[in-house]
Amino acid sequence: MKLSDITIGQHFPGQSPVHLMDPRAKIVVTGAYIVMLFLAQNLLSLLVGAVFVLITYPASGIALRLILKSLKPVLPIIIFTGILNLFFVSGEPLWEFWRLSITAEGIRLAVHMCLRIVCLIAGSALLTYTTSPIALTDGLEALFSPLKKIKAPVHEIVMIMTITLRFIPTLIEETGKIMSAQKARGADLESGNILQRMRAMLPILIPLFVSAFRRAEELALAMESRCYHGGEGRTRLRVLAFSGVDVWAAVFTIAFVFAVVAINISGPALGIPGTLR
Amino acid sequence: MKLISCRNVSFHYPAQEGQTPGATVLDGINLEIGRGEFVAVLGHNGSGKSTFAKLLNAILIPTKGEVFVDGIDTQQQDKLLEVRRRVGMVFQNPDNQIVATVVEEDVAFALENLGLPTGEIRRRVDDALAAVEMTEYATHPPHRLSGGQKQRVAIAGIIAMRPDCIVLDEPTAMLDPRGRREVMLTLEALNKNHGVSVVLITHYMDEAARAERVVVMDAGKVLLDAPPGEVFSHTQLLTGAGLDVPQAAKLCYELRCAGVNLPGEIIDEDACVHALLQILK
């Protein structure tokens with residue numbers, strides 16, 4: 001992997017209804033979706049949660065195979081969760097081998113847990129796929145601004161996030177340059193065991209840190225020169241505004257939450273086995 | 001009243017713990033900068049020119065003497081924003097002065113800090129981007145731009161404040177020749193079309209030659225303060241201050257020393273060729 005390939009919170013610009021949603025609404029809907037997944041107590045209600053993702057991905061023009069891509073890094077966790085639940089749930093054994101046993105409850109729980117993680121990742125990935133980093137930080141600042149009343153440094157934290165996002169590409173580029181410079185001087189970065197390779201990273205990290213501090217100092221001067229004096233009395237170029245799309249999204253989400261709760265409640269009566277409890 | 005006036009300004013950095021007080025960086029500077037002027041400040045490394053720049057928008061406060069910006073003493077802490085709104089500052093490294101992840105958001109940064117209404121911010125951002133010819137890049141991420149383009153974005157971020165004066169601390173030092181040309185043309189256009197004063201700190205002689213007025217600094221003092229033609233005729237003085245002289249000016253100086261009758265204010269090649277042709281005829 002090349003250094004320049006690193007992307008954090010990959011964003012695909014677009015004009016779909018999901019893209020056009022207010023970032024605040026998108027964050028709240030994502031939050032509601034996560035709650036919905038944890039509310040689901042049987043497989044059918046969890047499937048309703050999966051349907052939510054299967055509808056919203058096409059609606060935002062994002063290919064469903066991107067779900068697989070976003071699942072790649074958490075695949076070990078999913079497998080681990082699956083195996084753990086498969087073998088270590090007590091109940092009527094269906095199949096026994098040595099000291100391991102598989103139960104119907106175990107299978108249900110394993111499927112439930114894995115599906116929940118998949119939905120969780122897919123749903124939150126959609127937020128970053130359809131929202132630009134700047135809209136995301138704007139949304140977070142707006143949502144958390146009530147906390148300013150209790151003196152929480154909301155503006156400062158969002159400013160730090162923005163500057164971090166801004167400097168990630170710059171610092172990645174610089175790391176590449178320093179690596180080339182050290183290689184040109186004969187530094188060996190690729191061979192040796194883990195300990196040796198970590199030691200070899202030192203001559204890269206130290207210049208990187210020194211330069212980052214210098215950059216920070218210059219940036220602070222530049223910000224002060226542009227009249228920065230904290231979040232007080234600050235206005236914005238872009239003002240967030242809710243629109244019709246957000247209302248529809250709210251209705252859509254609430255409908256799904258209700259469906260999940262309804263299936264949870266009526267599950268035993270319909271003879272659907274609960275997977276939790 | 002001049003836009004900026006420095007009265008007997010001296011500056012030394014505060015002493016570090018357990019050390020002798022910092023050496024005097026600026027020593028008794030008296031200088032005025034008028035509205036609409038294009039002033040180049042020349043000096044070799046350590047001549048105090050960058051420190052001088054930082055005094056002009058109250059990043060640093062003089063240890064002795066006063067700096068007035070539009071009649072406001074820069075020592076007044078409560079008028080800090082007033083001073084910085086009038087005198088904008090552009091730094092050397094374009095990467096380290098861009099705050100936002102989108103060009104237009106960065107240009108809006110100062111205006112957001114000043115608390116202007118959204119409609120006004122939009123208007124000024126569009127104007128500023130048009131003035132530096134970067135409108136088509138408004139929604140681009142800044143790290144994808146060239147050095148010259150980034151520096152133009154930084155300039156746009158300053159002129160969006162509608163300052164009376166822009167101070168630039170070696171804005172072209174990290175740029176390739178093309179980026180340097182872009183930035184110089186932008187500055188000249190701003191100065192002519194918008195009447196913004198420009199204080200250009202530089203060590204490039206050819207950039208200084210394009211200014212209306214050149215201030216040469218050496219060891220914290222103003223050595224020369226005159227139009228470029230006159231400044232560059234003081235070849236010996238400049239060489240003594242560790243500075244180069246444009247080639248044409250140097251040639252004319254040598255010829256004058258050898259007894260050729262040439263006017264003393266030739267600084268660019270065209271004028272030099274013209275004068276030599278006159279003599280050879």
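## Contacts and overall form

Two residues are said to be in contact if their C-beta atoms, placed from the backbone, lie within 7 Å. By that criterion, among the contacts in chain B of this predicted model that link residues at least 6 apart in sequence, 63% join residues at least 24 apart.

Chain B contains 11 helices and 10 strands. Its radius of gyration is 20 Å, close to the 19 Å that the globule rule gives for 281 residues, so chain B is as compact as a globular protein of that length. Taken along the principal axes, the C-alpha atoms of chain B fill a box of roughly 65 × 50 × 40 Å, and 47% of the 281 residues count as buried.

Strands of a sheet pair through backbone hydrogen bonds, and the pairing may be either parallel or antiparallel.

Strand β1 of chain B, which covers residues 4–12, runs antiparallel to β2(B) and is joined to it by 6 bridges. Within this pair of strands, S5(B) stands opposite E32(B) of β2(B).

## The helix α11

Helix α11 of chain B spans residues 269–280, and its 12 residues reach 16 Å from the first C-alpha to the last, close to the 16 Å expected at 1.5 Å a residue. Of the 12 residues of α11(B), the number buried is 1, so this helix lies largely in the open.

Methods:
Residues numbered from 1 in each chain as written. Chains lettered and ligands numbered in written order. Predicted model: local features only at pLDDT ≥ 70, side-chain atom pairs only at ≥ 80, totals over all residues. Pairing = 2+ DSSP bridges. Helix = DSSP H or I, 4+ residues; strand = E, 2+ residues; numbered from the N terminus. Expected span 1.5 Å × (residues − 1). Buried ≥ 20, exposed ≤ 12 C-beta atoms within 10 Å, placed from the backbone. Rg over C-alpha atoms; globule rule 2.2 N^0.38 Å.
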